[in-house]
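Please look at the sequence and the 3D structure shown here. The briefing that follows takes it topic by topic.

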Amino acid sequence: MKKPRISRREVEHIAWLAHIELTEEEKTLFTEQLNEILEYFRKIDSADTEGVSPTYHVLDLVNVYREDEVQESLTREEALSNAPKKERGFLKAPRIV
Amino acid sequence: MSVQGVIIGLEVHVQLTSLKTKLFCGCSSDYRGKEPNTLVCPVCLGLPGALPVLNRKALEYAVMAALALNCKVSKRMFFFRKNYFYPDMPKNFQISQYDRAGGVPLAVNGYLTIEDQNRVKKIRISRIHLEEDPGRLVHLGPIDQSPYTLVDYNRAGIALLEVVTEPDFNSPKEARLFLQKLRSILEHLGVFDGSLEGAMRCDANISLEGGTRVEIKNITSFKEVERALNFEILRQRDLLEKGISVKRETRHWDEARRITVSLRTKEEEQDYRYFPEPDLVPIVLSEEFIKDVKRRMPELPEARMRRFMLSYGLPRYDAEVLVSSKDLADFFEECVKIYNKPKKISNWMMSDLLRCLYENNLELKESKITPQSLVEMIQLIEEGTISVKIAKKILPTMILTGRSPREIVESEGLTKITSRKLLSELIATVFRENPKAVRDALTNEKAVHFLVGQLMKKTKGKADPALANEMIKEMLEAVRRKEGSSKASTPSQ
C-alpha cells in the first residue's frame, strides 16, 4: 500500500473544523476512505498541465453585475422562520468565546 | 513622536456607506436604527439556491479608493469563500478575497503619507480587499461574560473594504493620524461617511521590542485606536518589565471598560479553508474602466490643501487642519463664499469652533452651527456690535441650539456698551471702588489693565474694549491733572 496522504490527526482536525464529533472507529474508517478517494484523484496528477493556466471558474463569463438599486427584503417573520431559537427579533446563538 | 521599540500594523475595515444596497444583493444598506433582521433576503442569509451578484457601484467605489491610496489595481480578480463557524455569518462563510492560493486582491502595494510634527512618514498599504460585512452580534454585558449571543443580520453583506497596512507605525498617534487621513480621503471621494457609527473599524497588530505580536480586535473608531494601543503598550511593557513573556494571542478591545481582554481562542491558527467562490464569476478590469474611474475622481484632500493655500492664502497648518475632515473643509468654503475673509474664518474654526465641538463631544456634522451663523457672528464683531469675548461666550449656544448669533445677542442683551456717558459713569464707579489701583495706574501700565478688567467684570464683558481703554486712560489723565494742581497749591498754604 502506498503512503497514506491523510493522517488520522488530519481527519481529527477536519472533523473539529466542521464541528463533527467522530468515534475512534469512524476516524479509522474515514482516514481509510479519504485516502482511497485521494488515491483516485491521483490519476489527475498524471495529466500534463504544462502551460495551462489554473481554472478558477468553469464558466467563461466575467463581469456579471447588478445595479445599486434597492429590492424588497424578506419580512422578519419569513427571515426567522427557520431559526430554532429567537428573542426580540434576534436570532439566539450560544456564546462563542 | 515614536514610542521606543513599538511596531504596529493595522487592518482597517471601511463600509462603503454611500451605496444604497449590499454588496451581493438588493437589500437596503441603510441598516442603522432598523429593527433587527428586517433587511435580509435569501442571498445574504445564504439560503439554498440563492445567487449573489456583484454591485457594480461597489466595485467602482473600491477601485476609486484603491487609486486614491496609490495602489496597483488588479486587472483580473476573484472572490473567495472564507469558511468559519461563527454566528455573525449565516452562511458559515464570508465572501472575501484572498492573496494566496492563486487569489488576487482588488489592489496591492499602495501607501499613504502622514505628517506628525512636520515629519512626513510613508505608511505602506500591502493590499485592499472587497468583502462582505458580517452581521451584528449583541452580547449582554462584556463579551466574555454574556450568557448567549443575539444575532442581527441586517449588516451581513454590507460592502466592506479591508485595507491592510505594513507594520509601519511606531506609535498609537501615528495609527490615529493614518485613520484620520484615510477617512478624509474616502469622504472626499464620496464613498464613505465616517460619522456613521461603526463605519470604520480596525484590528491592530502590536509588538514591543523583545515581546510577541498581539492582535487587538474590535476597535470601533479612530478615536478608540489610540486608546486601545496605549493600553496595550502599558500592559505589554508591564509584563516585560516583570520578566513575564507576552503571549501571542488575540485580544478584544472593551470600549466600556477601556481595557483589552484575552479572547481565549483555540491555540491553533484558524484554518479558513479558502477556496474560490463558485457562485461569482471572475472580474476583469479593462484599462478603460480604470481610466474612467480615475477621470471621475474628485479633488483629494492633498490637492484641496494646496488650493486652500494658493487661493485663500492660508498658512499650510490651517489648510492641513481644515482638510483633515471633509465636513470641516466644506464648512470653511461655504463660509468664505458668503464672507470673503478666509484667514479670519479659519482662525475662528481652528481655535474656538473646534475646541467647542471637542468639549461637547460633537462632530461638526452633529452640531447645529451653520456657515451662515458663524459668518454672522464674525460680522457682529467687525461691525462693533459684540466683543470677541461675547462671541466666544455665545458660540456654544450656537453649536448646541442653532440659534442665530444676532438673535442670541439681542435676546440676552449682550450687545456692546458704546455709550460714552454710560461708560464714564461706570468707570467713575470702578475708580471709587479701587482707589489704590487708581493711584498705581497713574504710574504703572499694568494697573491700567486691572481697571479695564474691573470694568469688563462689571459689564459682563459688554463694554467696548477699545473705547473702554481709551476712556479709562482719559479719566486717569484727569485724575493726574487734578492731583498735580492740588499738590502745586499745597506749599502756598
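The model is predicted: local features need pLDDT of at least 70, side-chain atom pairs count only at pLDDT 80 or more, and totals for chains, interfaces and linings use all residues. Residues are numbered from 1 along each chain as its sequence is written, while chains are lettered from A and ligands numbered from 1 in the order in which they are written. Helices (H or I, at least four residues) and strands (E, at least two) are DSSP runs, numbered from the N terminus.

**Helix α14 of chain B**

- The buried residues of α14(B) are Leu451(B), Val452(B) and Leu455(B).
- These buried residues fall within an arc of 100° when seen down the axis of α14(B), so they line one face of the helix; the arc is that of the directions from the helix axis to the C-beta atoms.
- An α-helix has 3.6 residues a turn, so residues three or four places apart point the same way.
- The helix has 14 residues, 445–458, and should span 20 Å at 1.5 Å a residue; its end C-alpha atoms are 21 Å apart, which agrees. The expected span is 1.5 Å times one less than the number of residues.
- After α14(B) comes Lys460(B), whose phi is positive, near 55°.

**Helix pairs in chain B**

- The axes of α5(B) (residues 301–312) and α6(B) (residues 316–323) come within 9 Å and cross at roughly 140°. Axes are lines fitted to C-alpha atoms, for helices over the stretch in contact, and angles run from 0 to 180 degrees between N-to-C directions.
- Angles under 35 degrees count as roughly parallel, over 145 as roughly antiparallel, 65 to 115 as roughly perpendicular, and the rest as oblique.
- Residues of α5(B) that meet α6(B) include Phe308(B) and Met309(B), and those on the α6(B) side include Ala319(B) and Leu322(B). Two residues are in contact if their C-beta atoms, placed from the backbone, lie within 7 Å.
- The axes of α9(B) (residues 371–382) and α10(B) (residues 388–401) come within 10 Å and cross at roughly 160°.
- That makes α9(B) roughly antiparallel to α10(B).
- Ser373(B), Met377(B) and Ile381(B) in α9(B) meet Val388(B), Ala391(B) and Met398(B) in α10(B).

**Contact between the chains**

- The contact takes 32 residues from chain A and 42 residues from chain B.
- The largest share of the side of chain A that touches chain B, five residues, comes from β3(A).
- Pro147(B) lies in the loop between β9 (136–139) and β10 (148–152) of chain B.
- Not counting residues up to four places away in sequence, Pro147(B) touches Arg95(A) and Leu140(B).
- Pro147(B) counts as exposed because it has 9 C-beta neighbours inside 10 Å.

**Loop residues of chain A**

- His19(A) is in the loop between α1 (8–17) and α2 (24–45) of chain A. Its phi is near 60°, a positive value in a residue other than glycine.
- His19(A) is exposed, with 8 other C-beta atoms within 10 Å.
- Asn63(A) is in the loop between α2 and β1 of chain A, and its phi is positive, near 50°.
- Asn63(A) counts as partly exposed, with 14 C-beta neighbours inside 10 Å.

Methods. Buried ≥ 20, exposed ≤ 12 C-beta atoms within 10 Å, placed from the backbone.
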